[in-house]
Amino acid sequence: MLYRLFILLFSFTLFSQEYEITSENIEIDTELNTINYEYNVIFKSDEIFFTADSLKLNQKNESFIAYGSPIKIKFFDGLEFIEGEAEKLEIDTEILKLSKNVSIIKSGNKINSENMTIKLSNDKS
C-alpha cells in the first residue's frame, strides 16, 4: 500500500490519463531519472493493464520497458479490449511494442508473432 500511495504522488506525462503502478520493490535513480519496479509488477490505466516481473520507467524520454515470463496484458485498441502475452513490452508515447513469444486474441482470433507494434492512440488527424 505504501508503494501505491508513493507512486500516485509523482506526476508523469507518459499518458494523458492517470495510471497506477505497484510492485514489491521500487528503486529510484535521481541521476538517471529512472524508476525500476521489480517483482509482481502491476500496471493499471483506463486503456492498458498488465502484469510483469520488472518494469523500468525512463522519465527523460517518457518511455518504459517491462519484462516477464510472460507479461499478461489487456489493452483497448479503440474498438475493443484485447488480451495477450509476451516476454517484453515497450511503451513509447502512444506506441505499444510487444516482443518475444507474442500471442494476442482479437475478436476471437488468436495471433502469434515474435514482434508486434500497436498504435494506441485513436487520433485520426
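**Figure 1. Salt bridge between lysine 72 and glutamate 85 in a predicted model.** The side chains of lysine 72 and glutamate 85 form a salt bridge (a side-chain nitrogen of Lys or Arg within 4 Å of a carboxyl oxygen of Asp or Glu), with an N to O distance of 2.6 Å. Lysine 72 belongs to strand E5 (residues 63–76) and glutamate 85 to strand E6 (residues 81–92), so the pair ties together parts 13 residues apart in sequence. Strands (E, at least two residues) are DSSP runs, numbered from the N terminus. Lysine 72 is partly exposed, at 43% relative accessible area; this class lies between buried, under 20%, and exposed, over 50% (1.4 Å probe, protein chains only). Glutamate 85 is also partly exposed, at 27%.

**Figure 2. Salt bridge between lysine 106 and glutamate 80.** Here the side chains meet at 3.4 Å, N to O. Because lysine 106 lies in strand E7 (residues 95–106) and glutamate 80 in the loop between E5 and E6, the pair ties together parts 26 residues apart in sequence. Lysine 106 is partly exposed, with a relative accessible area of 27%, and glutamate 80 is partly exposed, with 24%.

**Figure 3. Salt bridge between lysine 88 and glutamate 90.** The N to O distance between these side chains is 3.8 Å. Glutamate 90 is partly exposed, with a relative accessible area of 24%. A search of the whole structure finds three salt bridges.

**Notes to the figures.** Residues are numbered from 1 along each chain as its sequence is written, and side-chain values use heavy atoms, leaving out hydrogens and water. In this predicted model, local features need pLDDT of at least 70 and side-chain atom pairs count only at pLDDT 80 or more, whereas totals for chains, interfaces and linings use all residues.

How values were computed: Helix = DSSP H or I, 4+ residues; strand = E, 2+ residues; numbered from the N terminus.
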